[in-house]
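Colleague: Could you show me how to read the packing of a pair of helices, and then move on to the core and the ligand shell?

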Amino acid sequence: MALDAHAFMTTMEKRIGFTAEDKTLLKENADWGKEIASEMADHFYGYLGRDPEMDAIMNAKEGRIHRLRETFIQWFYEMFTGIDDWGNAYADRRWRIGLVHVQIGIGPQHVVPAMATVVHAVSQRLKTDGKNEVLRDALSRICMIDLAFIEQAYVEVSSAAVLRETGWTEGLFKRLIATGAGSM
Ligand code: HEM
């Protein structure tokens, strides 16, 4: 059940409707993205800090918040540059981010609202700076692709761990999940 991050990226681009025009627009606004990244990090970590569970995770290790601020700024900027034009390097990086969150035990219930905070904060800033709504849509779409990577990592890692531990086949595992869901 190992995920092919490159194929996943292509599928998500199609499914979410992330277009060549979106990419051009993001690249044209990369300097603006860099300029506002620090403010977006403030919104993001302010939001995480107001939730006791997430705040505890953030403060569990010395220097974590500081490190995260830097990685967030980098992550945010990469949405505008696409790293390698949203190619394999971009997909590998997003997959890696997903894996890091699974390792720490950060599930969908944390990540989805956190990404919504980013989308909301960017929308506000776009308005303040008189930026076009088309840019907001392009950014929302790449945020959703990045979110899909983190969510999918959670599913892939959990499934792979169960299969490894039990020796079950993928077919049996899927049947058990379907039966379990049916009985809830
Ligand atoms: C929009 C959703 C999120 C994005 C884009 C994001 C982004 C990132 C990035 C880029 C990294 C660095 C990964 C690496 O080292 O390769 C990271 C790590 C991490 N993130 Fe997130 N994150 C998100 C949600 C969350 C949430 C909800 C939490 C909950 C507290 C969280 C806590 C952490 C922690 C604890 C680390 C590891 C820090 C360390 O190096 O010790 N993240 N995140």
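Modeller: Bear in mind that this is a predicted model. Two packed helices are described by the angle between their axes and by the distance between those axes. Here the axes of α5 and α6 cross at roughly 150 degrees and come within 8 Å; an angle over 145 degrees counts as roughly antiparallel, and α5 and α6 are therefore roughly antiparallel to each other.

Colleague: Which residues of α5 and α6 meet?

Modeller: From α5, Trp75, Glu78, Gly82, Ile83 and Asp84 meet Asn88, Ala89, Tyr90, Arg93 and Ile97 of α6. By class, this contact of α5 with α6 has 5 nonpolar, 2 polar and 3 charged residues.

Colleague: How should I read the largest nonpolar core, and which of its residues touch the most other members?

Modeller: In soluble globular proteins, nonpolar side chains tend to be buried together. In this model the largest nonpolar core has 27 residues, of which Met40, Met79, Leu139 and Ile142 touch the most other members. At least two residues of this core come from each of α1, α3, α5, α6, α7 and α8, with α8 giving the largest share, 9 residues. Leaving aside neighbours within four places in sequence, Met40 is in contact with Phe76, Val118, Ala121 and Val122.

Colleague: And which helix gives the largest share of the shell around the ligand?

Modeller: That is α5, with 6 residues, while α4, α5, α6 and α7 each supply at least two. Of the 23 residues around the ligand, Met54, Thr71, His110, Ala114 and Met115 come nearest, and the shell divides into 15 nonpolar, 3 polar and 5 charged residues.

Conventions
Residues are numbered from 1 along each chain as its sequence is written. This is a predicted model: local features need pLDDT of at least 70, side-chain atom pairs count only at pLDDT 80 or more; totals for chains, interfaces and linings use all residues. A residue is near a molecule or strand if its C-beta atom, placed from the backbone, lies within 6 Å of it. Helices (H or I, at least four residues) and strands (E, at least two) are DSSP runs, numbered from the N terminus. Ala, Val, Leu, Ile, Met, Phe, Trp, Tyr, Cys and Pro count as nonpolar, Asp, Glu, Lys and Arg as charged, and the others, Gly among them, as polar. Axes are lines fitted to C-alpha atoms, for helices over the stretch in contact, and angles run from 0 to 180 degrees between N-to-C directions. Angles under 35 degrees count as roughly parallel, over 145 as roughly antiparallel, 65 to 115 as roughly perpendicular and the rest as oblique. Two residues are in contact if their C-beta atoms, placed from the backbone, lie within 7 Å. A nonpolar core is a set of buried Ala, Val, Leu, Ile, Met, Phe, Trp, Tyr and Cys residues joined through C-beta atoms within 7 Å. A residue is buried if 20 or more other C-beta atoms lie within 10 Å of its own, exposed if 12 or fewer, and partly exposed in between; C-beta atoms are placed from the backbone.
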